[in-house]
Structures are given as structure tokens and as C-alpha cells.
Amino acid sequence: MVTAFGFVLLTLLLVTAVAIVVTPNLFVAVMLTSIFSLLMAATFFLLDAADVALTEAAIGAGMSTILFLGALALIGEHEARRRRRPWLPLAVIGLTAFTLIYATFDKPRLGDPAAPVHQHVAPWYLEQTPELMGMSNVVTAVLAGFRAYDTLGEVLVILTAGFGVLLILAERRAGGRPDRPPAVGLRHHLIPRVVGQLLIPFIVLFGLYLQFHGEFGPGGGFQAGAIIAVGIVLHALLEGEAAGRAILPTRVLTGLMAGGAFLFAAVGIAGMLLGGEFLDYSGFSADPVAGQQLGVHLVEAGVGITVTGTLVAAFHAFADRERPA
Amino acid sequence: MIIDALSFAMLALGGFFVFMGGLGALRLPDLYTRMHAASLTDSLGTLLTLGGIMLQSGWSLATVKLLTILFFLLMTGPTATYALANAALFSRDDGPPATAP
Amino acid sequence: MTAEQLPALAVAVPLAAAPLAALLGRGSLPWALATLASAGAFTVAILLAAAAAGVEAISYDVGGWPAPFGIELRITAFSALLLVIITGASTVALAGTKPSLDAEVVPARRPYFYAAWLLAVGGLSGIVASGDAFNIFVFMEVSSLASYILIAGGTDSRALPAVFKYLVMGTIGATFYLIGVGLIYMMTGTLNLTDMEARIGGVADLKPILAAVGFVTLGLALKAGVFPLHVWVPNAYAWSPHAVTAFIAACSTKVSLYVLLRFDFMVFQGSLADHDLRFAGFLLPLAVFAVLVASATAMAEGHLKRLLAYSSVAQIGYMVLGASLMTPAGLTAGIVHMFNHALAKGTLFLAVACLATRFASLALADLAGAARRMPWTMAAFAVGGLSLIGIPGTAGFVSKWYLVVAALQAGATGAALVAVIVISSLMSVWYVWRVVEAAWFRAPAGGAARAEAPPAMLAVLWAAALANLWFGLQPGLPLALSGSAATSLLKLVQ
Amino acid sequence: MKVLGLYNYWVFTVLLMIGLYAIIARGNLVKKLLGLSIFQSAVFLLYISMAKVEGGTAPIIQHAGEPQLFSNPLPHVLILTAIVVGISTIALGLAIVVRIREEFGTIEEDEIQARDRDR
């Protein structure tokens with residue numbers, strides 16, 4: 001039954017992807033991308049990747065759509081149609097597809113427990129996590145513990161992107177429409193405003209739950225950061241851009257972005273100062289397991305802060321811009 | 001046994017309404033009627049489907065979670081429909097009548 | 001902190017400084033912090049190079065977790081050499097171009113710009129320091145995103161389409177690499193490179209591995225700007241801020257090339273019979289085309305920065321050429337050319353930054369008589385140009401010489417390759433001469449009044465120019481590191 | 001079952017190709033970014049598919065000590081990272097596209113090239 005459901009989901013993914021490429025309206029394509037992400041999240045969930053599904057739903061279907069819409073508001077939604085010679089792209093694609101299909105024939109079957117991928121490193125994580133980390137979510141233990149260095153890199157990627165959006169859109173251009181009324185959001189629409197305001201506390205609460213519950217269930221800094229950011233963005237959408245900016249000015253957001261990443265790096269350096277390696281948390285407490293847990297908490301907090309700050313700052317950078325004439 | 005039968009009926013009916021909603025959104029002539037059809041999915045479809053699952057799960061934490069989901073869906077669905085209708089009314093753009101949304 | 005912490009410090013210093021730079025306001029403070037952190041990382045890199053010269057590798061377990069489970073940093077002679085190139089280029093480019101950066105980066109952008117610069121340094125260092133396949137991907141993305149920002153950070157709007165193209169192609173390259181790593185992981189169950197080398201030999205079903213070879217090689221070749229995947233290079237180099245060009249041209253593509261060699265020689269060579277022959281058969285023709293076609297394009301190019309960018313594509317060709325000879329001499333030549341080319345191109349782009357302080361346009365036609373207005377700048381440019389051509393006494397000569405020697409050992413193909421090298425050197429004489437001719441032998445359009453670049457810039461420019469001469473006469477250190485890198489890369493090739 | 005067991009990988013391949021086609025063959029810059037996003041999602045599917053163990057559950061250890069079958073947690077961790085990398089790239093790309101639209105007045109590749117040449 002589950003297999004059949006997965007089959008249907010995968011086929012729907014294909015259909016949606018084709019529709020995204022074919023449709024001439026960019027707005028439609030973006031909405032389809034959001035659907036695509038949700039289908040992808042459902043597929044991940046069926047494949048036992050609860051954490052990944054949560055992240056894909058929050059980031060792929062949520063934040064990414066908001067950013068695309070924010071950009072489309074500045075760009076316009078129609079794609080020009082032109083006849084292009086598709087031979088070169090088709091040749092490239094054909095070759096790549098051939099290589100991949102060729103490769104699949106020796107691949108282990110889906111779900112085969114004897115596949116080499118499940119033999120070497122992975123069982124070690126599953127066995128050692130309760131003992132070394134004292135937490136039940138192995139994904140979190142690997143993410144913020146065993147492979148925390150990757151996660152540091154990941155936080156820096158999103159920090160870089162945030163700085164990049166702020167830098168690239170820092171230059172303001174004259175020639176916007178001066179007669180455009182200031183963005184007031186949905187302030188004159190009672191129903192969405194009331195319902196939206198009602199939801200925001202729950203969204204933020206759920207984000208915080210994910211932040212602090214990541215050791216035991218699906219969740220962690222990325223998911224939490226993305227969801228809290230969605231809550232803040234919803235506020236800005238309802239109350240207008242100016243009100244959204246007033247509660248979190250760019251200066252504060254930059255502080256959050258940089259602060260979270262610096263917290264992560266500082267935890268790493270603290271590990272060195274305490275006589276261990278970079279990102280070694282065992283020295284943080286007399287009991288190494290408690291030290292690990294403290295380290296994971298701090299690191300996840302850094303992740304959550306940076307992700308929230310970056311996503312909100314990126315949204316404001318797009319939303320606060322005047323559409324070119 | 002009775003619960004099973006009831007939940008099966010609810011799930012089937014819910015599925016039927018979701019399907020009808022989708023069909024209506026594709027086939028009806030303009031935006032407002034389509035939205036009307038789509039809201040069928042939002043309200044009756046989710047209510048019946050989630051209710052059916054709740055009957056299956058019995059009294060457990062899962063039921064509480066499902067209730068919460070139902071609560072949020074019943075709040076956001078009509079709001080989204082309202083916002084959509086409002087936007088359509090203000091922009092006066094019903095789109096070309098006979099294409100897929 | 002002791003010497004054991006050096007591998008982590010090489011990455012942590014720039015990365016921890018980056019968020020701080022974003023908080024330092026719009027004045028000169030972010031620049032100062034970036035320069036300081038960059039110089040700190042440079043010191044660490046030199047200490048590491050000294051430590052790595054004698055040993056096979058310095059291994060460092062991040063977080064204290066042992067190698068295949070945690071992430072390992074692995075500093076070999078090869079990676080130490082690249083660390084020196086990255087941090088050295090960054091430090092020189094930052095220290096020597098402050099007036100140029102002040103003119104090109106508007107104050108509102110400065111905090112983010114310098115943060116991105118440090119992230120680029122840290123990301124590139126992270127790639128070469130890492131011993132873990134997925135970790136390399138993560139830091140590749142840090143450095144790529146930071147590079148896009150740096151390139152788009154100036155005032156020239158032509159940089160925007162260029163950087164978009166770079167972003168798309170760079171992401172395709174990185175994703176291809178990720179697919180390749182996924183396929184290898186699928187068949188070996190490990191992400192650690194050393195562990196992969198050991199386990200990949202035991203894989204019975206080779207089709208996924210073969211596909212992985214294709215994806216990793218292609219993805220990295222795309223990021224390294226190997227011909228014909230170089231189309232993003234010229235415009236990205238040409239329209240970025242001049243200091244950024246000096247930094248990125250000196251090190252960024254070489255880092256991708258480093259990963260490419262690391263994978264092909266260490267990971268794939270161990271399991272696939274005749275992998276070396278296939279590797280050479282694929283890359284050698286591309287290298288020859290790169291050298292000839294890109295040089296020819298540079299000969300016809302009318303804009304100074306684009307001319308130098310095409311020359312960079314040709315120089316990447318030399319490095320690939322050396323590597324695909326599959327001999328110790330060839331590989332040494334290819335690797336030492338990374339160092340020497342960084343010196344030469346760094347000097348040339350620093351000179352370009354100096355020129356740009358006085359000339360509004362860098363088209364060759366507009367540079368007429370530049371040497372009369374800026375004799376010191378153009379003299380340093382000439383030194384860099386000579387090194388690029390490979391005149392004896394300059395650093396460029398050392399690598400060209402090794403390349404020719406290595407080619408001569410390769411028999412009949414070798415003779416043809418020597419011909420290619422000689423022809424392309426003559427071509428580089430031509431394109432460097434075009435600049436020299438415009439600067440010295442044409443009458444200036446405006447007045448010929450002396451208007452040199454700011455002294456601080458000139459001082460750094462000349463330090464870089466003299467380094468070209470110094471390493472031309474004393475090539476011991478880079479040669480030793482390259483030689484030991486070549487030996488360790490070739491240990492699996494029969 | 002062999003064919004069904006490989007269906008995930010084939011969907012991965014086809015999605016990858018659809019994304020790649022949109023990137024290479026489409027001239028609209030936003031379309032290229034959408035293609036890039038499909039392209040990256042396809043790779044997520046590859047990793048998550050290889051992590052699946054038949055009869056396994058999500059790698060969250062409920063009752064320590066009892067032998068349980070879990071799916072492989074490592075690819076999940078890697079893809080969490082890759083998703084964030086993906087949205088970072090997209091966000092940056094969108095910012096660049098917005099600036100291109102402001103400077104060149106279009107987001108179609110060939111028109112940008114034409115205007116670039118005029119400068």
C-alpha cells in the first residue's frame with residue numbers, strides 16, 4: 001500500500017516538474033514549485049526521512065515560495081516565448097540520462113538492508129548515539145554532533161546567501177514608481193488579518209518546540225528557524241512592510257545572522273581552548289555526555305538564530321523594494 | 001466493527017468530495033464558481049477524511065494532533081478562499097474562462 | 001593552542017572573523033578586520049606548509065570523532081601549498097587595493113562585502129583542508145556563493161549577467177559533484193576520502209562508480225573552468241571589482257582543480273583498472289585545446305581584463321596538461337604552475353587595479369600611453385607579463401621548464417606537446433606585447449602628466465612583482481611542496 | 001520487484017533531466033532558477049532513496065536497547081544540509097535577477113545579451 005502510494009507520489013512529481021517547465025506564466029510555475037516541494041516532502045516522509053520532510057516542507061514549500069513571489073512582484077510574471085534550437089540541450093541531457101540509467105543497473109534495490117550504504121558508517125551512528133550523545137534522534141546527533149563541522153559550513157552558506165541578498169539589493173535605484181502607495185499589507189482586510197494574527201503565536205510556538213525538541217523527535221535549528229521566519233513574515237504580510245520592519249530592523253537582523261553563526265564558530269573554538277579539537281563539546285561539562293548535549297543545544301541555537309535572521313532579512317530585501325518602471 | 005465501517009464510509013465520502021472539488025475547479029466556467037468547488041475540498045473533504053482517520057486512531061495522542069490539524073485547516077481554508085475572492089474582485093481579472101487554473 | 005590545532009585554525013580564523021566583519025559598520029573597519037584575519041590565516045598556512053613538507057599528511061579529527069565517523073581534516077603538501085596560495089592572494093589583494101576597493105564598493109555594501117571576502121577565503125581553505133567528500137561540497141558552496149557576491153559587489157552592472165551565468169554553471173557543477181559523491185557513497189558506505197580509497201577497491205559492481213567518475217570529473221572541471229566549460233570565466237573576471245579579480249583569478253579555479261586531482265588520482269585510481277589512461281585520454285586533448293584556443297582568443301581580445309581572463313583559461317590548460325601526463329615531472333610541473341600562475345596573474349591584476357585608479361576604461365585602445373602616466377605600475381605589469389610568458393629569471397619560467405622536460409619524457413606525443421607549449425608561449429608573447437605596445441609606444445590621448453597609483457598600492461604591487469623574480473631564482477620551496485604532492489598523488493599509478 | 005525497486009532512481013534521473021533542460025534551454029532567468037531548484041531536488045531524492053531500509057522506521061530511537069530496524073540517518077543529515085544550500089543559491093540568484101531586471105529592463109537571456117553589447 002505504502003509502495004503504491006509512493007509510486008503515485010513520484011509520478012505526480014514528474015507531472016508537476018513538466019508543468020513547471022512548460023507553463024509560460026512564472027507565477028503559475030512558482031505555485032507549482034511549491035506543490036512540487038510538498039509532494040517531495042511527502043515522498044521523503046514515506047522514505048522514513050522525517051527531519052528532511054519537515055525541512056523540505058518548511059523551506060522548499062514555504063520560504064522558497066515566498067522569496068520567489070517577492071522577486072516576481074519586482075520582475076513581472078510573463079515569460080517570453082522564443083523558438084530556440086533545442087539540439088544542444090537535448091544532447092547534453094541525453095548523455096547525462098544515459099550515464100545515470102547505465103549506473104542504475106548495478107545499484108542496490110530500494111530498501112535493501114544488505115546494501116553497502118547501510119553497512120559501514122551508518123550502524124555506528126545508530127549504535128553509539130544513545131551512549132555518546134544521550135539523545136534519541138540520531139539525525140540531530142549526527143547533524144550537530146558527529147558531523148557538526150558540515151553544519152557549520154551549512155550555516156555559513158545561508159549566512160553568505162543572506163549577506164549576498166543584502167549586498168546586491170543594497171543599491172537603491174531611482175526610477176521606481178513614486179505614485180505607488182506604501183505597502184500596507186492586508187490591514188484593510190479584516191478576516192485574513194484576524195485569522196493570521198491568531199495563527200502567528202502558534203506558528204512561533206511550534207517553531208520553538210521544534211528548536212528544543214530536536215534531540216528527541218524530528219526537528220532542530222533549521223526547521224525551527226524556517227518556521228519562526230515564516231511566522232514573522234506572515235506578520236509583515238498582514239500589517240504591511242513598514243510595520244514588519246519596525247519590529248525587526250535590518251540592523252537587528254544582521255546582528256541575528258552574524259550572531260548565530262559566530263555563536264556556532266565560538267562553540268567550536270571553545271572546544272579548542274578547553275583542550276579538545278575544534279567543535280569538541282566533551283570538555284563543556286564534567287560528564288562528557290552532558291557536555292555533548294550542551295554543545296548540541298548551543299549549536300542548534302546558533303543555527304536557528306541565523307536561519308531566522310537570514311530568511312526574514314531576505315524577505316524584507318525583496319519586499320521593501322520598489323518595482324522598476 | 002461499527003467504528004471501522006463508519007470510518008470507512010467517512011473516508012470514502014471525504015475522498016469523493018475532494019475529487020468533486022478537484023473536478024469542479026477544473027471544469028467550472030469562471031473563477032468564483034471554481035473557488036466554490038474548491039472550497040468543498042477544504043471543508044467537507046478534510047472534515048470527513050480527518051474524522052475517518054480519527055475514528056481509526058481511537059483515543060490517543062494522534063487524535064489530538066489530528067484535531068489540531070483539523071482546527072487549523074478549518075480556520076485557514078475559508079480565509080484563503082476569502083483572500084482569493086477578494087483579490088479577484090479587486091483586480092477585476094477573472095482570467096480567460098475556459099483554461100485550466 | 002598548540003601546533004596540533006593548526007589545520008582547524010586555517011579554516012576557523014577567516015570563518016569566525018566573517019560574521020564579525022559584517023557588524024563593523026560602513027567605514028574602514030571591516031576592511032581592516034578582513035586584512036588582519038587574512039594575514040593571520042596566511043601565517044597559519046605558512047606554518048602548516050612547513051609542517052606538512054616532511055610528512056605524508058597531517059590528520060585532524062574535528063570534534064574529536066575518529067575518521068570515518070567524524071569529519072577529518074587532512075593537510076598534505078598539496079593542500080598546504082594551496083592554502084598558502086589562497087591566503088597569500090587574499091592578503092595581498094586586500095592589503096594592496098584599499099583605494100581601489102573604496103572606489104568600487106559603495107559604503108552600504110562594505111560590511112557584507114568584506115564578510116563575503118572572508119567567507120570566500122574560509123570556504124576555499126575549507127575545501128583544501130578537508131578530507132571528507134561531502135564536507136568538500138559544503139565548503140565549495142560557501143566559497144562559490146561568497147565569490148558570486150564578491151563579483152557582483154562592484155558598480156559595473158555588466159557583472160550581473162556574468163555572475164548569474166557563473167551561479168548557474170557553478171551550481172550545476174557542484175550538483176554533479178554531489179551526484180558523484182552520492183553514487184560512491186552508495187557503493188562504499190563512507191564519505192571519508194581516505195576510507196573511500198581503501199573501500200572502493202572492494203566494490204564489485206562498477207557501473208555506479210564509473211558514472212560517479214564521470215559526474216565528479218565533469219562537475220569539477222566545470223567549476224575549474226577547464227575548456228570548453230570555461231564560458232563563465234571571462235565575463236566574471238572582467239566585470240568584477242579589480243581587487244576581487246586579483247584574488248579569485250589567483251586561487252579559485254585552482255582549488256577545484258585540486259579536488260579534481262585528489263579524486264581522480266587517489267579515490268578512483270585505486271579501484272578502476274586503467275583509470276589513469278582514461279583520465280589522460282579525456283583531459284589531455286581538452287588541455288591542448290584550452291591552451292591554443294584560449295590563447296588565440298586572448299590575442300584578439302580588446303579589453304585588458306578579458307584578455308587576462310582568457311589567458312587564465314589557457315593557464316588552467318597548462319596545469320591540466322601537466323597532470324594528464326601522469327608522470328612525477330608532469331604533475332610537479334602542473335602543481336608548481338598553480339603557484340607560479342597565482343604569482344603572475346595576481347601581479348597582473350594588481351597592476352590592473354592600479355591602472356583603474358587613473359583610467360576610466362580598461363579597453364586596450366584607451367590605455368594608450370599608460371606607461372608615460374604610470375611608469376611604475378606598467379613596469380610591474382611588464383614583470384608579471386614576463387612571468388606569464390615564462391622568460392628565464394621569472395617564476396613562470398620554472399613551471400614552463402618543468403612542463404617541457406616532462407613532455408619530452410613522454411615520447412612521440414611529448415614532442416607534439418612541446419610544440420604546443422612553444423606555440424602557446426609565442427601567443428602569450430603576442431598578447432602581452434599588445435598591452436606593452438599600447439602602454440609604451442602609443443601617444444596618450446589626454447595629457448601625459450605623471451599620475452601614479454597611490455603609494456600603498458604601488459608598494460604591494462611591487463612586492464608581488466619582486467616575488468615573481470624571487471621565486472624565479474629561488475624556486476626551492478614551491479618545488480619541494482609540489483614534488484612531494486606529485487609523489488603522493490602518483491602512489492597508486494603504476 | 002527489481003524494476004519497482006529502481007523506480008525511485010529513474011524518477012530521480014528524469015527529474016534531473018527536466019531540471020537541466022529548463023536551465024539550459026530556457027532563456028528566462030526565473031525559469032532557469034526554477035529548473036535549478038528541480039535539478040537540486042532530484043539529487044535529494046537520490047540520497048533519501050538510498051537511505052531507505054525495507055521495514056525500517058525514521059532513525060529516532062524510541063526504546064534504547066531493543067533491537068529495531070532504522071533507515072540510514074547519514075543521507076538524511078547530508079540532505080538537510082543540501083536543502084539549505086539549495087535555498088541559499090536560489091535566494092542569491094533571485095536577488096541577482098531582480099537587479100538585472102532593474103539594470104537591463106528584461107530577464108530574457110538573449111535580450112540581456114543584446115543590451116550588454118550595446119553598452
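This is a predicted model: local features need pLDDT of at least 70, side-chain atom pairs count only at pLDDT 80 or more; totals for chains, interfaces and linings use all residues.

Author: Residues are numbered from 1 along each chain as its sequence is written, chains are lettered from A and ligands numbered from 1 in the order in which they are written, and side-chain values use heavy atoms, with hydrogens and water left out.

Reader: OK. How many residues of chain C are in contact with chain A?

Author: 61 residues of chain C touch 52 residues of chain A, where contact means heavy atoms within 4.5 Å.

Reader: And what area is buried between chain C and chain A?

Author: About 5000 Å², with carbon and sulfur atoms giving 74% of that. Buried area is the accessible area (1.4 Å probe) that two parts lose on being put together, summed over both. On the chain C side, Trp65(C), Phe69(C) and Tyr112(C) lose the most area to chain A, together 17% of what that side buries.

Reader: Which residue forms a salt bridge with Asp132(C)?

Author: Arg147(A), with the closest N and O atoms 2.7 Å apart. The rule finds one salt bridge across this interface of chain C and chain A; the rule asks for a side-chain nitrogen of Lys or Arg within 4 Å of a carboxyl oxygen of Asp or Glu.

Reader: Switching to chain A and chain D. How many residues does the contact take from each?

Author: Chain A gives 97 residues and chain D gives 82. The two chains bury about 8100 Å² between them, 74% of it on carbon and sulfur atoms.

Reader: How many salt bridges are there across the interface of chain A and chain D?

Author: Two. In one of them, Asp48(A) meets Lys52(D) at 3.1 Å, N to O.

Reader: Now strands. How do β1(C) and β2(C) run?

Author: They run antiparallel, joined by four bridges; strands pair if DSSP finds at least two bridges between them. Strands here are DSSP runs (E, at least two residues), numbered from the N terminus. One bridge partner pair is Asp61(C) and Glu72(C).

Reader: Which residues of β2(C) point one way, and which the other?

Author: Glu72(C) and Arg74(C) point one way, Leu73(C) and Ile75(C) the other, and all are buried, meaning under 20% relative accessible area (1.4 Å probe, protein chains only).

How values were computed:
Buried means under 20% relative accessible area, exposed over 50%, partly exposed in between (1.4 Å probe, protein chains only).
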